[in-house]
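Please look through the sequence and the structure below, and then follow the explanation one step at a time.

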Amino acid sequence: MGTHRVSVHVAVTPVRVFRLWTNLDRMKDWVEGVTRITDVSGPVGEAGTTYTVWFGPMASRTEVLESDWPRFHRTRFGTWLLAGESSVRFEAEGDGTRIDQEFRTRGVIPAIMGRIFSKGSYRRTFQGELNAFARIAEAEAA
């Protein structure tokens, strides 16, 4: 299992950040490769809700394990390529919100892919996607 942590500061309130984070219709704006979301079973901000994230023809079943609006959100996700858990903390900080995200991968191939996705800050990395989210949140708040 691999653990990867990324962080960013967003000049937006935690409430607005959490609302955008849990808006599945917007996920494809910052998560590279997402083509659609289907089979949503309930509110994304509630534990027990499930949904499927599609990366082209590859489906990743996702379950909300824990959600404490607007401070914390944890999910389990998985495909043969990348599987594990993501937990995200939203903490008020200065003029906005500090987002701390942790990925824990399961399995050999997901551990290798998690390592690849954890390097650098270009668009297809964990940090790059978090940076893209921050830019979108700030642009919408302006």
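Is Phe133 buried or exposed? Phe133 is buried, with a relative accessible area of 0%, where buried means under 20% relative accessible area, exposed over 50% and partly exposed in between, using a 1.4 Å probe and protein chains only. This is a predicted model, in which local features need pLDDT of at least 70 and side-chain atom pairs count only at pLDDT 80 or more, while totals for chains, interfaces and linings use all residues. Residues are numbered from 1 along each chain as its sequence is written, and side-chain values use heavy atoms, with hydrogens and water left out.

The protein chain has three helices and seven strands, which are DSSP runs (helices H or I, at least four residues; strands E, at least two) numbered from the N terminus. Of its 142 residues, 44% count as buried.

A search of the whole structure finds seven aromatic pairs; rings of Phe, Tyr and Trp (its six-membered ring) pair if their centres lie within 6.5 Å, and planes under 30 degrees apart count as stacked, over 60 as edge-to-face and the rest as tilted. The rings of Trp21 and Phe90 have centres 5.8 Å apart and planes at 70°, so this pair is edge-to-face. Because Trp21 lies in helix α1 (residues 14–21) and Phe90 in strand β6 (residues 83–93), the pair ties together parts that are 69 residues apart in sequence. Trp21 is buried at 14% relative accessible area, and Phe90 is buried at 1%.

The rings of Trp21 and Phe133 have centres 4.9 Å apart and planes at 75°, so that pair is edge-to-face. It links Trp21 in helix α1 with Phe133 in helix α3 (residues 126–141), 112 residues apart.
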